[in-house]
Amino acid sequence: NNIPVKEIDLYESREDPRLSLDHRSFAIGINDRCIHSLKYDNDGLFDYLKSHSISTINKATVINNKKKYIIEPRVKYMTSQPLMTRGFLNWIDKVTATSKCKLITHFKTKVISIDSLNGLLYSTTDDNVLDVIGKQYDLIVGADGARSIVRQSILLQPNITYEGYYTNARWKFIPLDGHNYANDSAFFTYKGTQGGWWYMPSGKVHLVVFWRANNNNELMNPPSIKSIDDTKLFLQSLFTHPIDDLEKVSNDFYNGLSSGEPIFKLSRYHKQFGRVALIGDAAHTMSSALGQGMACGFEDAISLYNNLDKQNWSN
């Protein structure tokens with residue numbers, strides 16, 4: 001309300017997540033700090049998300065060596081990335097319908113270049129980059145994740161220091177038919193692995209497995225999983241109900257590609273950034289195993305808002 005913004009453009013390279021119910025994603029744990037962020041403006045955002053996107057966690061099941069323990073969770077609510085994103089987009093549509101600020105969302109639009117000093121952004125909806133559109137902004141906010149193109153534009157400037165490295169953490173997803181696990185919200189440890197599963201709007205379960213790769217032989221699968229039979233034993237140890245099509249699921253997991261985690265950290269703030277700010281994983285990537293990346297992004301957004309609010313907008 002205090003910042004005279006006339007237009008906000010959101011650029012997203014993927015399609016509108018409201019068009020599909022089964023996007024692959026991480027779980028999001030919502031703790032007290034995250035709740036404080038979502039309630040910051042007292043504008044009804046948190047209550048809206050709670051009604052549409054967030055599930056209350058009363059207990060969690062931890063599985064360790066086939067024994068189950070009921071624990072008090074460290075988070076009060078749980079959601080998934082697509083659910084939270086769709087909730088936010090619907091909220092944005094709701095509030096901007098009566099707002100003086102014009103907000104435009106550009107889905108399936110790729111940002112290909114940024115002139116951070118002059119606030120110029122070049123984008124295209126053409127995979128062959130034949131139709132490039134340039135637009136100038138007072139501020140470009142890089143909220144575009146660990147492989148941020150906005151951050152890359154900053155790194156082209158001289159005297160910018162930035163730390164980036166890959167950890168030895170690896171992870172894989174397994175999609176499962178969720179009809180057998182309707183009452184489960186679980187985290188597990190198993191022979192050097194850890195992970196958990198959660199529900200998607202499609203009714204499927206997404207199981208994610210994390211491990212540390214100590215050598216090149218452990219990049220594709222955890223050290224304890226050396227065959228498809230090992231994969232079957234691993235999956236059977238997690239669930240009390242039989243897994244549908246266990247053979248196919250085990251083959252898909254064992255032969256599927258694993259992912260690594262790039263970790264980036266901004267060494268210091270720079271006056272020569274130009275008309276650019278970084279928030280979330282673009283500024284400080286954290287391990288996905290923590291389930292707190294989006295929550296930290298909320299806090300960054302509030303910090304950015306407070307800094308903008310302090311500016312002399314009459315000048």
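What follows is a conversation about how the labels in this predicted model are reached.

Trainee: What does the protein as a whole come to in helices and strands?
Mentor: This predicted model has 8 helices and 17 strands. Of its 315 residues, 41% count as buried. Among contacts with a separation of 6 or more, residues 24 or more positions apart account for 68%.

Trainee: Let us take the aromatic rings. Why are Tyr-190 and Phe-234 called a tilted pair?
Mentor: Start with the distance: rings pair if their centres lie within 6.5 Å, and these two centres are 5.0 Å apart. Then take the angle: under 30 degrees would be stacked and over 60 edge-to-face. The planes of Tyr-190 and Phe-234 are at 50°, so the pair is tilted. The structure holds 7 aromatic pairs.

Trainee: What makes the pair of Tyr-190 and Phe-234 a tie between parts of the chain?
Mentor: Look at where each residue lies. Tyr-190 is in strand β13, residues 186-190, while Phe-234 is in helix α5, residues 228-238, so the pair joins parts that are 44 residues apart in sequence.

Trainee: How do you know whether Tyr-190 and Phe-234 are buried or exposed?
Mentor: Buried means under 20% relative accessible area. Tyr-190 has 12%, so it counts as buried. Phe-234 has 0%, so it is buried as well.

Trainee: Which other ring does Phe-234 pair with?
Mentor: Phe-234 also forms a tilted pair with Phe-253, at 6.2 Å centre to centre and 40° between the planes. Phe-253 lies in helix α6, residues 246-255, and Phe-234 in α5, so this pair ties together parts 19 residues apart in sequence. Phe-253 is at 2% relative accessibility, so it counts as buried. Tyr-190, Phe-234 and Phe-253 form one aromatic cluster.

Trainee: What sits over the ring of Phe-253?
Mentor: That is the charged end of Lys-172, 4.7 Å from the ring centre. The distance part of the test asks for a value within 6 Å.

Trainee: Now the cysteines. How many disulfides does the structure hold?
Mentor: There are 0 disulfides. A disulfide needs two cysteine sulfur atoms within 2.5 Å. The closest cysteine sulfur to that of Cys-34 is in Cys-296, 8.9 Å away, so the gap is too far for a bond.

Trainee: Which residues touch the most other members of the largest nonpolar core?
Mentor: That core has 19 residues, and those with the most such contacts are Leu-176, Phe-188, Leu-207, Phe-234 and Leu-235. At least two residues of this core come from each of β12, β13, β15, α5 and α6. Its largest share, 4 residues, is supplied by β15. A second, separate core of 15 residues includes Ile-28, Leu-49, Ala-295 and Phe-298.

Trainee: Why do you say that the buried residues of α2 line one face of the helix?
Mentor: In α2, residues 45-52, the buried ones are Leu-45, Phe-46, Tyr-48 and Leu-49. Seen down the axis of α2, they fall within an arc of 160°, so they line one face. The face turned away from that buried side carries the exposed residues Asp-47 and Ser-51. On the buried side, the packing partners are α1, β6 and α3.

Trainee: Last one: what makes Lys-108 and Lys-191 exposed?
Mentor: Exposed means over 50% relative accessible area. Lys-108 has 57%, so it is exposed. Lys-191 has 58%, so it is exposed too. Lys-108 is in the loop between β7 and β8, and Lys-191 is in the loop between β13 and β14. Neither is a glycine, but Lys-108 has a positive phi of about 50° and Lys-191 has one of about 45°.

Definitions and conventions: Residues are numbered from 1 along each chain as its sequence is written. This is a predicted model: local features need pLDDT of at least 70, side-chain atom pairs count only at pLDDT 80 or more; totals for chains, interfaces and linings use all residues. Side-chain values use heavy atoms; hydrogens and water are left out. Rings of Phe, Tyr and Trp (its six-membered ring) pair if their centres lie within 6.5 Å; planes under 30 degrees apart count as stacked, over 60 as edge-to-face and the rest as tilted. Buried means under 20% relative accessible area, exposed over 50%, partly exposed in between (1.4 Å probe, protein chains only). A charge sits over a ring if NZ of Lys or CZ of Arg is within 6 Å of the ring centre and within 35 degrees of the ring normal. A nonpolar core is a set of buried Ala, Val, Leu, Ile, Met, Phe, Trp, Tyr and Cys residues joined through side-chain atoms within 4.5 Å. The arc is that of the directions from the helix axis to the C-beta atoms. Contact means heavy atoms within 4.5 Å.
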